[in-house]
Amino acid sequence: MNLVKSKVAETWAVNVEKWPGETPERILQLTDEVLSVFAECFGEDVLHQREVMLENACGNEYAPITYPKRYHANQAQSVDYRVVLNNTVNRPYQFYYQAAHEFSHVFMECYPGAKHLKWISESMCDAASFFVLAKLMKLSPENKKSYFNSYLASATSQSLPMFQGQAVSEFYKENKDCFWTCPHGLRSKGFRVRNGVIALKMLELIEKYPRGWACITKMRDTPLFELNLEPSDKAIELYFNTWMLNCSSQSHDSENLGHVEEQLAFVYALLQALLVLEQDHT
Ligand SMILES: [Zn+2]
């Protein structure tokens, strides 16, 4: 195993073998470009909180996927998270897209046992892919932009028509049963497109509150994820309230205050978009 440490986050390392046609330097550079986007929005500290190893899938391993050590089956692994991509050829946009999704899983530490609310975390990971890709696209040399653009366009284009002309809350209401019964959104193209509608709304929020996006680090420790909730708007509200409580329970020192406020604004705006809450007249 040939491990190379990230220059952006010292607790992250890349197994640079198994990427045919790519040099170790190039793989490390791509990894660090994605990590830099997270670092810019979340602050550097968040990046150093976990030991992570990134590698590329070999054979018929199911990937992209992230293995958290805290799962019993993964306890033999040396790092907190092992992230496996399936980027087999020279496609940087695909690398960015997959890495942003899987790295989000690391930051949220979130794999709910009960799957009813998993569509929220999965959509958040898809939104991260849209955001990172769009952001890195802007930095890339002119001659690469058309490739990046078409990748982002094809990733979003199927969800966009559903999103345009219809409020997210209406879309959610119409598809509620489907969200709650098949929340992963990856098993079929249709579900991916469905989660994409929510992800596009989240993308708007990431762009509006880039520091608030760090609210994904507070999705964990939300016990409702582990419960078998009955599908209802009340359950969604309960989950979001706990999530906001987690956001406000972090340090409010002057350096962090802006972050906390933006995180709360982000989560509340998302709740509003999904449910259109009645005004509180108290
Ligand atoms: Zn995922």
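Predicted model: local features only at pLDDT ≥ 70, side-chain atom pairs only at ≥ 80, totals over all residues.

Me: What makes a group of residues the largest nonpolar core here, and which residues have the most contacts inside it?

Reply: The largest nonpolar core has 73 residues, and Val34, Tyr96, Ala127, Val132 and Met202 have the most contacts inside it. They belong together because a core of this kind is made of buried nonpolar residues joined through C-beta atoms within 7 Å. Helix H4 (residues 118-139) gives the largest share, 11 residues. Domain 1 (1-89) and domain 2 (110-282) each supply at least three residues to this core. As background, nonpolar side chains in soluble globular proteins tend to be buried together.

Me: Which residues does Val132 touch, leaving out those up to four places away in sequence?

Reply: Val132 touches Val34, Val37, Tyr96 and Ala100. Val34 and Tyr96 are also named, with Val132, among the residues with the most contacts inside the core.

Me: What makes S3 a partner of both S2 and S5?

Reply: Two strands pair if at least two bridges are found between them. S2 and S3 are joined by 3 bridges and run parallel, so they pass that cut-off. Trp12 has Val52 as its bridge partner in S3, and Val14 has Leu54. On the S5 side (residues 81-85), the pairing with S3 is parallel over 5 bridges, with Tyr81 as the partner of Val52.

Me: How are S1 and S2 paired, parallel or antiparallel?

Reply: S1 (residues 3-5) and S2 (residues 12-15) pair in the antiparallel sense over 3 bridges. Val4 stands opposite Val14.

Me: Why is Pro64 called partly exposed?

Reply: Pro64 has 18 C-beta neighbours inside 10 Å. Buried would need 20 or more, and exposed would need 12 or fewer, so a value in between is partly exposed. Pro64 is found in the loop between S3 and strand S4 (65-68). Beyond its neighbours within four places in sequence, its contacts are Val84, Leu85, Asn86, Gln98, His101 and Glu102. Pro64 and Val83 are 19 residues apart in sequence, with their C-alpha atoms 7.6 Å apart.

Me: How do you know that the span of helix H7 agrees with its number of residues?

Reply: H7 (residues 168-181) has 14 residues, which at 1.5 Å a residue should span 20 Å; its end C-alpha atoms are 19 Å apart, so the values agree. H7 also has a kink of about 70°, centred on Asn175.

Me: Which residues of H7 are buried?

Reply: The buried residues of H7 are Val168, Phe171, Tyr172 and Phe179. In general, an α-helix has 3.6 residues a turn, so residues three or four places apart point the same way.

Terms used. Residues numbered from 1 in each chain as written. Helix = DSSP H or I, 4+ residues; strand = E, 2+ residues; numbered from the N terminus. Expected span 1.5 Å × (residues − 1). Bend = angle between axes of the 7 residues up to and from the residue. Contact = placed C-beta atoms within 7 Å. Domains from an automatic or database assignment.
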